[in-house]
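Subject: A structure to look through

Dear colleague,

I am handing over a structure for you to look through, and my notes on it follow below. Please keep the sequence and the 3D view open side by side while you read.

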Amino acid sequence: MELRERDERRFQFDEILTRTNIRFFALESDPALQGFLTIRDKVSAHSEVHLVADKYQFVDIGQLGIKWADLKRVIDMMQSLVEDLGMLIRNSGFAWDSLDAQLANASADFWQPSSA
């Protein structure tokens, strides 16, 4: 019985690892990812500016070729990776629906006008 269970777990682990590698390489090669990395490095981490005709200009995010749909798609890809890694490392899952609800509530509370 123990040998069969061990073999089953080994097979499941190998399945998840293979799926994780496929998902990682799909994310890594996604064209939108480079745009998000540029935003992270040159806009969020610090505001990069360029001197053009005696004026400083920020990085033009519109020139990166990414759309709102790309953000949703890349987030979904990352969530799948986080779930797979959680299963591989800790044998646990993640409650994404609960997180989404908590973030939606926090966002609504943040943007609500203050009563003071």
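Which residue forms a salt bridge with Asp-30? Before the answer, a few words on how to read the notes. This is a predicted model, in which local features need pLDDT of at least 70 and side-chain atom pairs count only at pLDDT 80 or more, while totals for chains, interfaces and linings use all residues. Residues are numbered from 1 along each chain as its sequence is written, and side-chain values use heavy atoms, with hydrogens and water left out.

The partner of Asp-30 is Arg-73, and the closest N and O atoms of the two are 2.3 Å apart; a salt bridge here is a side-chain nitrogen of Lys or Arg within 4 Å of a carboxyl oxygen of Asp or Glu. This pair links distant parts of the chain, since Asp-30 sits in the loop between α1 and α2 whereas Arg-73 belongs to helix α3, 43 residues apart. Helices (H or I, at least four residues) and strands (E, at least two) are DSSP runs, numbered from the N terminus. Asp-30 counts as buried, at 11% relative accessibility, while Arg-73 counts as partly exposed, at 32%; buried means under 20% relative accessible area, exposed over 50%, and partly exposed in between (1.4 Å probe, protein chains only).

Arg-73 also forms a salt bridge with Asp-70, where the closest N and O atoms are 2.8 Å apart. Both of these residues lie in helix α3, three residues apart, which is about one turn of the helix, and Asp-70 is buried, with a relative accessible area of 14%. Another salt bridge joins the side chains of Asp-76 and Lys-72 (3.0 Å, N to O), and these residues are separated by about one helical turn because they are four residues apart in helix α3. Of this pair, Asp-76 is partly exposed at 31% relative accessibility, and Lys-72 is exposed, with a relative accessible area of 53%. Elsewhere, salt bridges that share partners join Arg-19, Arg-23 and Asp-84 into one network. By the rule given above, the count comes to eight salt bridges.

Now to the nonpolar side chains. The largest nonpolar core has nine residues, namely Leu-27, Ala-32, Leu-33, Phe-36, Ile-39, Ile-66, Val-74, Met-77 and Leu-81; such a core is a set of buried Ala, Val, Leu, Ile, Met, Phe, Trp, Tyr and Cys residues joined through side-chain atoms within 4.5 Å. Two or more residues of this core come from each of α2 (31–44) and α3 (68–89), and α2 gives the largest share, four residues. If we leave aside its neighbours within four places in sequence, Leu-27 is in contact (heavy atoms within 4.5 Å) with Leu-33, Val-74, Met-77, Met-78 and Leu-81.

Finally, a word on confidence. The mean pLDDT of the chain, that is, the predictor's confidence in each residue from 0 to 100, is 81, and 84% of the residues reach 70 or more. Among the elements of the chain, helix α1 (residues 2–28) has the highest mean pLDDT (90) and strand β1 (residues 49–52) the lowest (68). Where pLDDT is low, the predicted coordinates should not be read in detail.

With best wishes
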